Amino acid sequence: MKRIITYGTYDLFHYGHLRLLERAKNMGDYLIVAVSTDTFNAVKGKKCAYPYQQRAEIVKAIRYVDEVIPEECWEQKRDDIIRLKVDALVMGDDWEGKFDDLKDICEVIYLPRTSDISTTSIKLDVKNNH
Ligand code: C2G
């Protein structure tokens, strides 16, 4: 059974997130999503509309997702991959190359982002047009 992991904030869940999770799951048999905690998002400089608990529950409800864990820091990936026996790390290609240091313990795959949608653009659209 091929085990996949991916990491992200997943705020204001949208089609780009869904397509990433769908493609990541289709690369294996079991998909783990590490959802960024509110504390870690502060480190990332991201202010979320939804708190961690709600973002995690929404992601867990997605049919492609088998397990959700908290992402609390940049450095946990290596331990997660070893502890959870992960075969591949999959991320959108806005992260291209950023996690290549993990190639000694798993496949690292960057998938094309879905264009014309982002949490930021959704926030701006709602602010300006509604
Ligand atoms: N994504 C995508 N297409 C979009 C928007 C996002 O494919 N239009 C992908 C991103 O590339 C990422 C995932 O969806 O793989 C989640 O995106 P974010 O919630 O923005 O996550 P991010 O802030 O990039 O956090 O340690 C890694 C970080 O936690 C990633």
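Select Ile4 and Ala88: in this predicted model, Ile4 stands opposite Ala88 of strand 4. Show strands 1 and 4 whole. They run parallel and are joined by two bridges.

Stay on strand 1, residues 3-8, and turn to strand 2, residues 30-36. These two also pair in the parallel sense, over six bridges. Pick Gly8 to see one of the partners: its bridge partner in strand 2 is Val35. Strand 1, helix 1 and strand 2 make a right-handed β-α-β unit.

Next, colour strand 1 by burial. In a regular strand the side chains alternate between the two faces of the sheet. Which residues lie on each side here, and are they buried or exposed? Arg3, Ile5 and Tyr7 are on one side, Ile4, Thr6 and Gly8 on the other, and all are buried. Six of the six residues of the strand are buried, so strand 1 is largely enclosed by the rest of the structure.

Move to helix 1, residues 15-25, and select Arg23. Arg23 is buried yet has no salt bridge. Its nearest side chain of opposite charge is Glu22, 6.5 Å away; the cut-off for a salt bridge is 4 Å. Leaving aside residues up to four places away in sequence, Arg23 touches Leu111, Pro112 and Thr114.

Now for the charged pairs. Side chains of opposite charge can pair when their charged atoms come close. How many salt bridges does a search of the whole structure find? It finds eight.

**Glu71 and Lys77.** Select both and look at the closest N and O atoms, which are 3.4 Å apart in this salt bridge. Glu71 is buried, at 2% relative accessible area. Lys77 is buried too, at 3%.

**Asp80 and Arg83.** Show helix 4, residues 77-83, which holds both residues. They sit three residues apart, about one turn of the helix. Asp80 counts as buried, with 3% relative accessibility.

**Asp94 and Arg113.** This salt bridge brings the closest N and O atoms to 3.1 Å. The pair links distant parts of the chain, 19 residues apart. Asp94 is in the loop between strand 4 (88-92) and strand 5 (107-111). Arg113 is in the loop between strand 5 and helix 5 (119-129). Check the surface around each: Asp94 is partly exposed at 40% relative accessibility, and Arg113 is partly exposed at 45%.

Definitions and conventions: Residues numbered from 1 in each chain as written. Predicted model: local features only at pLDDT ≥ 70, side-chain atom pairs only at ≥ 80, totals over all residues. Heavy atoms only, no water. Buried < 20%, exposed > 50% of the residue type's maximum accessible area, 1.4 Å probe, protein only. Helix = DSSP H or I, 4+ residues; strand = E, 2+ residues; numbered from the N terminus. Lys, Arg positive; Asp, Glu negative; His and termini not counted. Contact = heavy atoms within 4.5 Å. Pairing = 2+ DSSP bridges. Right-handed = clockwise from strand over helix to strand, strands pointing away.
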